[in-house]
Amino acid sequence: MTPAPSRVVVRAPGKINLSLGVGAVDAHGYHALATVFQAVDLYETVTASRADTLSLEMTSSVPGELPLDGSNLALRAAELMREEFSLTEGAALHIDKQVPIAGGMGGGSADAAAALVALDRLWGLGLGGEGLRRLGARLGADVPFAMLGHTALGRGNGGDLTTVLTHGEWTWLLAIPGGHLSTPQVFRTFDEIVRTTGRRPAEQPEVDERQLQALSGGNIELLAETLENDLQVAAFALHPGLEPVVETAERLGAPAALVSGSGPTVAVLVEDEAQARSIAAGLMRDSLVDSCLVVRGSAPGASVLVEE
Ligand code: C5P
């Protein structure tokens, strides 16, 4: 038997949503979704080391503050695992952040995913992919996708995943405006907008088949036509600086741009890195965004970097 490790390092990616169809609300207050996630090459890296108690530290290359207390998703992941398996072990967790905080890119979910994978090894649980994803789903709808990575269709509350075939790599400019948006508040605003327009949301929305074709065929024009986020209108209503970012990116030549998830990060589809840089320069010149990042998808899901 191999001895239990004393230190495990796992990284998990941030994501964007290439489409996000929002349907009816269930008994738990969650909306039925049909979404296409794509993982991008910005990672949260979690190191879990043996310790008597649970603790958390963070280093970050992105602006913003994150809770280090019990509401932090990585700590909640550790607590959930201890409860579920009646463990008394501790762990010293360290997170190195690259994914924008509260930006609609699933950074907190990536923290939880990486923490679960790392602690599974550190505590010798051997849960495997399916067991870890099931546990992750209890912490947040995006956690199972941060484990799986690449590109996937998410249904139900976002956690029922099917991998989507993609051809080649996609380049995205992430345009990051100031300010944060709260996911529950964006969903609430979406509900209000639906109510005032008298529209009845689908029990289970469906993804646009043409988006899946665009991804498998590497067809950027078709992908641009199918980028769609039902939450975008709510994000625009709550954050007046967002609509100009989407409009300007498209006016500057981007095939398409949309708010990622509940925002406020805007994902701009670009043909190549040179186009990304020229659009970023335009957005920065007009002071529409605080910062821009060029990323690529699809990126792999949670992976173990070190186990010793
Ligand atoms: O799952 P997660 O913790 O990221 O969700 C945050 C909030 O977003 C939920 O508490 C809920 O208000 C809203 N949400 C929703 N329907 C989903 C996913 C999230 O209403 N499918």
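Visitor: Which residue in β5 is the bridge partner of V36?
Guide: The partner of V36 is L153 in β5. F37 also has a residue opposite it in β5, namely A152.

Visitor: What kind of model are these pairs read from?
Guide: The model is predicted: local features need pLDDT of at least 70, side-chain atom pairs count only at pLDDT 80 or more, and totals for chains, interfaces and linings use all residues. Numbering starts from 1 along each chain as its sequence is written, and side-chain values use heavy atoms, with hydrogens and water left out.

Visitor: Why are β2 and β5 called a pair?
Guide: Strands (DSSP runs of E, at least two residues; helices are runs of H or I, at least four, and both are numbered from the N terminus) pair if DSSP finds at least two bridges between them. Four bridges join β2 to β5, so the two strands qualify as a pair. They run antiparallel.

Visitor: Which other strands pair with β2, and over how many bridges?
Guide: β1 is joined to β2 by 16 bridges, in the antiparallel sense; G21 faces A34 of β2 there. Strand β4, residues 90-97, is also antiparallel to β2, over seven bridges, and T45 sits opposite D96 in that strand.

Visitor: What does the side chain of K15 reach?
Guide: K15 and N17 are joined through their side chains by a polar contact of 2.6 Å. A polar contact is a pair of N or O atoms within 3.5 Å; within protein, one must be able to donate a hydrogen and the other to accept it, and residues adjacent in sequence count only if both atoms are side-chain atoms. The K15 side chain also reaches the backbone oxygen of G104, at 3.1 Å.

Visitor: Which residues touch Q232, beyond those up to four places away in sequence?
Guide: Contact means heavy atoms within 4.5 Å, and Q232 touches V246, L258 and V259. Q232 and V22 are 210 residues apart in sequence, yet 11 Å apart in space, C-alpha to C-alpha.

Visitor: Which residues of α6 are buried?
Guide: In α6, residues 209-217, they are Q211, L212, A214 and L215. Seen down the helix axis, the buried residues fall within an arc of 160°, so they line one face of α6; the arc is that of the directions from the axis to the C-beta atoms. They pack against β1, β2, β5, β7 and α7.

Visitor: What is found at the start of α6, and what follows the helix?
Guide: At the start, a side-chain oxygen of D208 comes to within 2.9 Å of the backbone nitrogen of R210. After α6 comes G218, with a positive phi near 65°.

Visitor: Which residues surround the ligand?
Guide: Among them are G29, Y30, H31, N157 and F187; a residue is near a molecule if one of its heavy atoms lies within 4 Å of it. A nitrogen of the ligand is 3.1 Å from a backbone N or O atom of N157.

Visitor: How much of the ligand does the protein bury?
Guide: Taken alone, the ligand exposes 450 Å², and the protein buries 76% of that. Accessible areas come from the Shrake-Rupley method with a 1.4 Å probe; for residues, only the protein chains shown count as cover.

Definitions and conventions:
Buried means under 20% relative accessible area, exposed over 50%, partly exposed in between (1.4 Å probe, protein chains only).
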